[in-house]
Amino acid sequence: MENQGYLKVMILCLVALFVSTHAQLKLGFYAKSCPKAENIIADFVHEHIHNAPSLAAALLRMHFHDCFVRGCDASVLLNSTSNQAEKNAPPNLTVRGFDFIDKIKNLIEAECPGVVSCADIIALVARDSIVHTGGPSWKVPTGRRDGVISNKTEATNNIPAPSSNFTTLQTLFANQGLDLNDLVLLSGAHTIGISLCTSLSNRLYNFTGKGDQDPSLDSEYAKNLKTLKCKNINDNTTIIEMDPGSRNTFDLGYYHQVVKRRGLFESDAALLTNSVTKSLVNKFLQGSIQNFYAEFAKSIEKMGQINVKTGTQGEIRKQCAFINS
């Protein structure tokens, strides 16, 4: 009996420890501690996002890049005096929206100092910016805490690149607990936003190092890109629409581009090189926009909970670019 009592105490202690360090996110986490927080964020997004609609895609991309390195902990926002933070890694050099997040953080801090994490702000802003540009909504449970480590090498190794092939994509997504369905759905976010010629210059001009073109890219589309947009391999300033003609509309246009072999990135073309992902692309393309929105919501909700820090883990930063000292 004594041993049984001891065992029960040990189990209760372990459960308490697990709960304290792995507390779950929940909807309305700040309902009592900072009840106006989510409205402050939504109002700011609503007021400003229409002035720069392409920023919606950038903020969604920031959320994605943050979650793929050390989980959704706002480590992508941290500065480094030695340029060794995540934002200094090649995949993040074109990430935009840092000032947007900082302005919201300042408003939140004025209302509730030291309560709302930068990690939650990123997640909420990503959702609200897409909603305010006419895209889908999704649930954003809150309670994330901010990380204190940001590593350039980890970002380089964990964030999928435009040149990623299917095997690399599958591995990087699986490392985060995401499956092929998530890969296809989250790739669908390429229906909005812009990129630069640098992201596909090799596909157009030097695919195998012999001055050739990627055969998986539609030849007519490639010709148009070379003629009208990326006129030489060294162009690093020209902007290209991810989904030509509807870059600000969250629709099924991306999947139309992919099946026509007109996805901008090698990672887009890679979706057609696997039977499962190819089937999923066609499935979503043939379905309704409402179905796409619903399925996309499930995948991004899943992504938003990758390795989150809760409870006593991490901290609540006072400024998003700096850990507390």
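Predicted model: local features only at pLDDT ≥ 70, side-chain atom pairs only at ≥ 80, totals over all residues.
Visitor: How many of the 14 residues of α3 are buried?
Guide: The 14 residues of α3 should span 20 Å at 1.5 Å a residue, and the end C-alpha atoms are 21 Å apart, which agrees. This helix is mostly covered. The number of its residues that are buried is 13.

Visitor: Are α3 and α4 roughly parallel or roughly perpendicular to each other?
Guide: The axes of α3 and α4 are 10 Å apart, and the packing angle is about 80 degrees. Angles of 65 to 115 degrees count as roughly perpendicular. The two helices, α3 and α4, are therefore roughly perpendicular.

Visitor: Which residues of α3 and α4 make that contact, and how many are nonpolar?
Guide: On the α3 side the residues are L55, L59 and M62. On the α4 side they are F98, F100 and I101. The contact of α3 with α4 has no polar and no charged residues, and the nonpolar count is 6.

Visitor: How many charged residues does the contact of α3 with α14 have?
Guide: L60, H63, F64 and C67 of α3 meet F296, I300 and M303 of α14. By class, 6 of these are nonpolar and 1 is polar. The count of charged residues in the contact of α3 with α14 is none.

Visitor: How far apart are the end C-alpha atoms of α5?
Guide: Of the 14 residues in α5, 13 are buried, and the helix is mostly covered. At 1.5 Å a residue, α5 should span 20 Å. The end C-alpha atoms agree with that, at a separation of 20 Å.

Visitor: Is the crossing of α2 and α5 left-handed or right-handed?
Guide: Helix α2, residues 37-48, and α5 have axes that come within 9 Å and cross at roughly 45 degrees. The two are therefore oblique to each other. The handedness of the crossing of α2 and α5 is right-handed.

Visitor: How many charged residues are in the contact of α2 with α5?
Guide: From α2 the contact takes E38, I41, A42 and V45. From α5 it takes I121, L124, V125, R127, D128 and S129. The residues of the contact of α2 with α5 include 6 nonpolar and 1 polar, and the charged number 3.

Visitor: Is S129 buried or exposed?
Guide: S129 lies in helix α5. Beyond residues up to four places away in sequence, S129 touches V45, I49, A56 and L59. Its relative accessible area is 0%, and under 20% counts as buried. S129 is therefore buried.

Visitor: What separates the C-alpha atoms of I149 and R70?
Guide: I149 is found in the loop between α5 and α6, and at 42% relative accessibility I149 counts as partly exposed. Leaving aside neighbours within four places in sequence, I149 is in contact with R70, S75, L78 and E86. I149 and R70 are 79 residues apart along the chain, and their C-alpha atoms are separated by 8.5 Å.

Visitor: What separates the C-alpha atoms of K229 and P90?
Guide: K229 is in helix α10, residues 219-229, and is partly exposed, with a relative accessible area of 36%. Among the residues in contact with K229 are C197, D235 and T238. K229 and P90 are 139 residues apart along the chain, and the separation of their C-alpha atoms is 23 Å.

Terms used: Residues numbered from 1 in each chain as written. Heavy atoms only, no water. Helix = DSSP H or I, 4+ residues; strand = E, 2+ residues; numbered from the N terminus. Buried < 20%, exposed > 50% of the residue type's maximum accessible area, 1.4 Å probe, protein only. Contact = heavy atoms within 4.5 Å. Expected span 1.5 Å × (residues − 1). Axes fitted to C-alpha atoms, helices over the stretch in contact; angles between N-to-C directions. Parallel < 35°, antiparallel > 145°, perpendicular 65-115°, else oblique. Left-handed = near helix turned anticlockwise from the far one by under 90°. Nonpolar A, V, L, I, M, F, W, Y, C, P; charged D, E, K, R; others polar.
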